[in-house]
Structure formats: C-alpha cells, structure tokens
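Here's a walk through the fold, one piece at a time. Keep the viewer open and follow along.

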Amino acid sequence: MEGVKTVKNKILSFLLIFTFILTLTACGSKNNDKLKIVTTIFPQYDFAKQITGDNAEITLLLTPGSESHSYEPTAADIAKIQQADLFIYNGGESEIWVDKILDSYGKNKDNFLRLMDFVTPLMEENENEYDEHIFTSLKNSQILLDEINKSICKIDSQNANVYTENTEKYKSEIAQLDEKYEDMIKNAKRNMVIFGDRFPFRYLAEDYNLNCYAAFSGCGSETEASPATISDLINKVKEKDVPIIFHIEFSNESIAEKIAKATNTKIALLHSCHNISKDDLENNVTYLNLMTYNYNNLSEALN
Ligand SMILES: [Zn+2]
C-alpha cells in the first residue's frame, strides 16, 4: 500500500502547487495558443502528434527509455495533467493512479480520455485483469486514432478538417501495414512465435491467430522464469525449427539469449511501443515505424 500512500501525498502537494499556478495565470500571463495535450505512454503521444502536426504541445509523461509499468506521477506531472486541454491515458492496471486523481479531485472527465473504453479488452492469462496492451493491435490503433481525433476536434473545432485529414492518412498507412501482416502470416512457413521475455503482445497475437509462447504469461510483473518453462520453450523452438527468439524493448535479453544459445538460433527485438528510447524520440520515430520494424522481424521469424 506504500504506492497508494505516495500517490496521495503527491496529490496533496499538487493541490498546493495548482492553487499557486491558478493565482499566477489569473494575473494575466497569457500562454501561446497551442493546444496542450498530455499523454501517459508512447502510442497515444505519437497518435496525438500525427493528428495535430505543429498545432499542439504534446507531453509524454514517461521519461524516454524508462519502464512504463513502474511509472508514478510526480507533482509536476499532475500539474501538467491539470493544465492540459486534453489528457489521454490508456487506463489499465498500470494507470490506476489516474482514477485516484479523478476521485480525489472531482474533476470533470470531459478532457480525460481513457483509451481502453473504446476497444474490446482481452483478459490476461490466469488473471482477473484486462490486458492493457491494446496498442499492440494495428486494428485497435485505428479505432484509437479516431477517438483521439474526435476529442481533439471538439476542443479545437477550427482546425477539425486538418486533424481529420491527418487522422485518415495515418489510419490508412496503419491499415496497409495491417494487411501486410495478415498476408504474410497467412502465407508463412510456420505460425509459432517464441518470446524469451515478458509478453505484451496478446492483442497482436489475437489479430492474426499467432501461436505465441513466452517465458512470462503477462507483462506487468516478472519473477524468475522457471527452468521447466525455459526447457519447454527450447523444445518448441527445436520442434518447429524456429529461427528467431524474441525479446521486448528495454529488456536485459538474458532469457532470450539463453534459449538462443541452447538452440543455435538468434535473438531479435519485437517492440511493444509502451515507451520509446531517447534517441528514437529525438529522431521522430513513430508508432508506424516501430510496427513496421516488428513486421520485418516477425516475417523473418515465421519464414
Ligand atoms: Zn507492459
């Protein structure tokens, strides 16, 4: 319960800061006219950026390169959320802190956009929670783009045409990639994908009926992978002659390495897009870039 306490303390300290900011802005310092959008994780950061172009100042709360599941908001983050015209969050178990802000604040929810509300959630394996990695599905991403666009158009209706045009363009690029995945997987030599890592790809696997096996059934928390699980994965790799063992981003890659060594195969990255590295962010790498990179690696692993 330590985490809950910390969040509550942070909310309290925020209330003080917010009152201070209110006093400041009331004194007439007018900000620029750019929309202020705050996002929790990378996919919605990218979606909002693609939709608004240069019209918005978009904040990604996660520090680039950091582990998204251990994120907790700072008082400054909470202040940014409160000052935002639109706050976009995913809404899974990693983000229950958002509910606490909403509860404790009595904030009207109009400018809080919870993305998990718009797609069909899948259950985690052996858990009572919904899997929160909805963004690993290219089909979901198109729905999310539409919803984010609707919210942005509501707060800046003057530019609605431009935003909708940008949305349609990005959606069609994602749809094309989705078709490529479908064709490639339908015609692939094998259907089995092995992860020597956590497993955030339930939605992607569901979209294309991929047969995935991973060292950990979920993504949020990991304990030591059991020797039995690892030897089972090794047997599967040998059985289906799987050439590539996957790990996810910001992983120590040790389990994938172990399996690859035992089977004389190689390892590769399947990027789940939770967060992005500092270099990638600076180089304007997009969600579509990452999912295209995944397509190439997956295609190699299945053929
Ligand atoms: Zn995850």
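## Ground rules

Two strands pair if DSSP finds at least two bridges between them. Helices (H or I, at least four residues) and strands (E, at least two) are DSSP runs, numbered from the N terminus. This is a predicted model, with local features needing pLDDT of at least 70 and side-chain atom pairs counting only at pLDDT 80 or more, while totals for chains, interfaces and linings use all residues. Residues are numbered from 1 along each chain as its sequence is written, and side-chain values use heavy atoms, with hydrogens and water left out.

## The whole chain

The protein chain holds 11 helices and eight strands. Of its 303 residues, 50% count as buried, where buried means under 20% relative accessible area, exposed over 50% and partly exposed in between (1.4 Å probe, protein chains only). Contact means heavy atoms within 4.5 Å. Among contacts with a separation of 6 or more, 66% come from residues 24 or more positions apart.

## Sheet 2-1-3-4

As a reminder, strands of a sheet pair through backbone hydrogen bonds, either parallel or antiparallel. Here, four strands make an open sheet in the order 2-1-3-4, with parallel pairing. Strand 2 (56–60) and strand 4 (112–114) sit at the edges with a single partner strand each, so one side of each has no neighbour in the sheet. The twist averages 20° from one strand to the next; axes are lines fitted to C-alpha atoms, for helices over the stretch in contact, and angles run from 0 to 180 degrees between N-to-C directions.

Strand 1 (residues 35–39) pairs with strand 2 over five parallel bridges, and Thr-39 stands opposite Leu-60 in strand 2. Helix 4 (residues 96–105) lies across strand 3 (86–89) and strand 4, at about 145° to strand 3. Helix 4 also packs with helix 3 at an angle of about 65°, their axes 12 Å apart. Ile-78, Ile-81 and Gln-82 of helix 3 make that contact with Trp-97, Ile-101 and Tyr-105 of helix 4.

## The zinc site

Which residues are the protein donors of the zinc ion? They're His-69 (NE2), His-133 (NE2), Cys-219 (SG) and His-274 (NE2), lying 1.9 to 2.2 Å from the zinc ion. Donors are N, O and S atoms within 2.8 Å of the metal (3.2 Å for Na, K and Ca); water is not among the atoms, so sites may look incomplete. The site is tetrahedral, with angles of 97 to 120° among its four donor atoms (four donors count as tetrahedral if all angles lie between 85 and 135 degrees).

His-69 is in the loop between strand 2 and helix 3 (75–83), and His-133 is in the loop between strand 4 and helix 5 (138–155), so the pair ties together parts 64 residues apart in sequence. Both His-69 and His-133 are buried.

## Sheet 6-5-7-8

Another open sheet of four strands runs in the order 6-5-7-8, with parallel pairing. Strand 6 (211–214) and strand 8 (266–269) are the edge strands, each with a single partner strand, so one side of each is left without a neighbour in the sheet. Neighbouring strands are turned by 35° against each other on average, direction ignored.

Strand 5 (residues 192–195) and strand 7 run parallel, joined by two bridges, and Phe-195 stands opposite Phe-246 in strand 7. Helix 9 lies across strand 7 and strand 8, at about 170° to strand 7.

Notes. Four donors count as tetrahedral if all angles lie between 85 and 135 degrees; four count as square planar and six as octahedral if opposite donors are over 155 degrees apart and all others between 65 and 115; anything else is irregular.
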